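Here are my notes on the model, point by point. Please read them with the structure open.

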Amino acid sequence: MPALVTIRDLVVRWPDGTDTFGRGPLRGVTLEIGAGELVGVIGLPGSGASTLAACLSGIVPRLTHADREGVVAVAGRDPEVVGVADMARVVATVLDDPEAQVTQRTVLDEVAFGLENLGYPVREIEARAADALTRVGLSGFEDRDPLTLSGGEQQRLAIACAIAMRPRVLVMDEPTANLDPPAARAVLALAREAATGPDPAAAIVVSGDVELLAGWATRMLLFDDGRLIGDGSPEVVLAACARAGVGPPAPVATELAARLDAAGDTLPVTVKGFVAWLADRA
Amino acid sequence: MARGPRVIGPAGDVAEGPTLAMRDVSLRYAGAASTAIEDVSLVAQPGQVIAVVGRSGSGKSTLARLVTGQLRPTRGVIHVCGLDTTAVTPTVVAGRAGLVFQNPDHQLFARSVADELRLGPQHAGVSGPETDDRVREAASALQLEDVLGAHPAMLSMGLRKRVAVAAVLTMRPRLLVIDEPTTGRDAREAGWVADVVRTFAASGGTVVVVSHDLALVANTANLVLVLAAGRVTASESPGVILADEALLAAAGLEPPPLVRLALALDLGTGGTAPLTIDEVERALRARLGWRPQP
């Protein structure tokens with residue numbers, strides 16, 4: 001099966017050297033992502049992790065002053081070349097500031113908006129919107145004005161809008177920034193559902209909450225200064241993170257295991273994993 | 001953050017006596033069926049960091065507004081630096097107690113970050129050169145030098161939050177109150193919040209931080225207040241609060257990963273959770289009979 005996301009020698013430059021949203025440059029990135037993967041993308045601010053996410057949706061370079069070189073193909077389409085509507089059929093994005101994504105007067109209209117623009121039949125729009133709102137725990141909120149929702153509810157609405165599109169590639173950049181721990185885990189559960197459902201998508205989640213990602217991601221990408229310096233299982237990438245002191249702080253389980261074990265290349269990334277790891281050694 | 005913030009704290013001599021003293025404070029919003037805050041008493045000294053935790057709607061944000069003079073109690077007395085907040089205007093209190101709102105968009109008005117930082121001192125009648133000094137200092141502390149000319153609306157949520165904190169610091173308050181500093185923002189940047197809180201307290205200020213981020217609480221607070229339905233249900237050190245899973249669950253909170261790990265391995269001692277990874281490492285090495293870290 002061909003990869004859903006293909007990126008080759010991707011370079012992104014900001015003409016002023018920087019982006020006011022804190023997205024950094026990319027200095028030559030090559031990777032592929034397939035259906036069924038839940039990819040966690042980590043890196044310090046400006047490392048390029050958010051820039052990668054923005055390249056998949058086409059926000060970079062279409063809505064910015066950035067220059068892009070190299071190959072980006074999302075379900076065979078180049079987001080820089082293909083129109084917004086055609087990209088919307090294959091990729092959906094959730095950002096960290098849900099209020100900035102809201103355009104409609106009611107929650108139901110908001111979820112229906114993308115599907116209406118692609119000309120889906122009314123019955124299908126209604127069915128998908130109801131399903132998406134149920135999945136994020138917002139049934140009963142259909143008639144509310146999105147701007148009167150709490151930050152956490154707005155974030156779940158943004159996620160409902162994305163999953164209603166049934167995208168081939170689901171991109172989330174800091175989707176849990178407004179959420180408490182149970183709600184944050186529910187978001188990762190939705191990402192996993194998208195990746196492992198009957199028609200599996202590729203789910204890509206950029207997050208500074210490494211502890212959260214560690215328990216869910218099937219694969220972790222670590223960015224540092226515009227380069228992809230780690231690509232593998234969370235246990236391997238985060239072990240390297242903890243040992244080399246690069247990237248964001250590793251989960252406490254990984255950090256502690258690295259201190260206790262000077263050698264291992266694979267370290268636990270969750271509390272549960274740490275307890276088992278310790279039992280093997282004691 | 002690559003480099004730490006410069007020391008930035010209250011101006012002038014450190015006041016004698018507590019920065020904040022609340023006695024039997026209650027507040028009922030007009031038309032509300034129940035009180036939002038009920039019989040809260042609290043004394044906070046210079047250098048102290050007090051965390052306030054609890055469910056949404058437990059009264060945390062109301063408390064933040066009370067101690068910064070934006071709300072007046074229905075009953076009880078609040079003194080900030082010895083000043084009775086009910087006896088003066090909110091502007092007078094604002095010179096001593098600064099509030100950073102949960103949503104920075106509720107406090108950013110100017111067309112550039114620099115103008116935003118100047119706004120407070122200008123309104124307070126601070127001289128031009130002194131205002132410029134304060135703006136430079138606050139911008140440096142929050143690492144905003146590169147975006148001083150930018151429109152706040154063009155910045156990421158995390159940067160807007162930093163602008164809001166810097167704008168409050170330009171008023172040189174003695175009491176810094178931050179409402180949910182680590183929500184709605186890029187968690188990768190969260191390290192600066194703990195830096196600012198610790199630095200402000202270390203330079204003689206007092207911080208009240210309203211948060212459900214218990215990792216931040218563990219990293220910064222000397223005292224944790226748990227609020228439920230407007231009442232203080234616990235007032236203890238972070239180690240004691242974080243070890244009490246039943247208390248946390250009742251407040252809608254979960255222990256941070258380090259504490260969960262320590263509790264899963266039964267490393268808590270005498271009902272106190274270890275708050276640093278060094279403590280957990282030492283306890284584990286001792287238990288396993290492994291050599292201490294050289």
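**Notes on the sheet, the interface and a helix pair**

1. In strand E5 of chain B, B:Leu83 is the bridge partner of B:Val80. Helices (H or I, at least four residues) and strands (E, at least two) are DSSP runs, numbered from the N terminus. This is a predicted model: local features need pLDDT of at least 70, side-chain atom pairs count only at pLDDT 80 or more, and totals for chains, interfaces and linings use all residues. Residues are numbered from 1 along each chain as its sequence is written, and chains are lettered from A and ligands numbered from 1 in the order in which they are written.

2. Two bridges join E4(B), residues 75-80, to E5(B), and the two run antiparallel. Strands pair if DSSP finds at least two bridges between them. The open sheet of chain B has four strands, ordered E2-E1-E4-E5, with antiparallel pairing. E2(B) (37-44) and E5(B) (83-84) are the edge strands, each with a single partner, so one side of each has no neighbour in the sheet.

3. Between the chains, 31 residues of chain B are in contact with 30 residues of chain A (C-beta atoms, placed from the backbone, within 7 Å). Helices H5 (157-169), H10 (257-264) and H11 (277-288) of chain B each supply at least two residues of the chain B side.

4. In chain A, helices H4 (107-117) and H5 (122-135) pack at about 130°, with axes 9 Å apart. Axes are lines fitted to C-alpha atoms, for helices over the stretch in contact, and angles run from 0 to 180 degrees between N-to-C directions. The contact includes A:Leu108 and A:Val111 of H4(A), and A:Ile125 and A:Arg128 of H5(A).

Conventions:
Contact = placed C-beta atoms within 7 Å.
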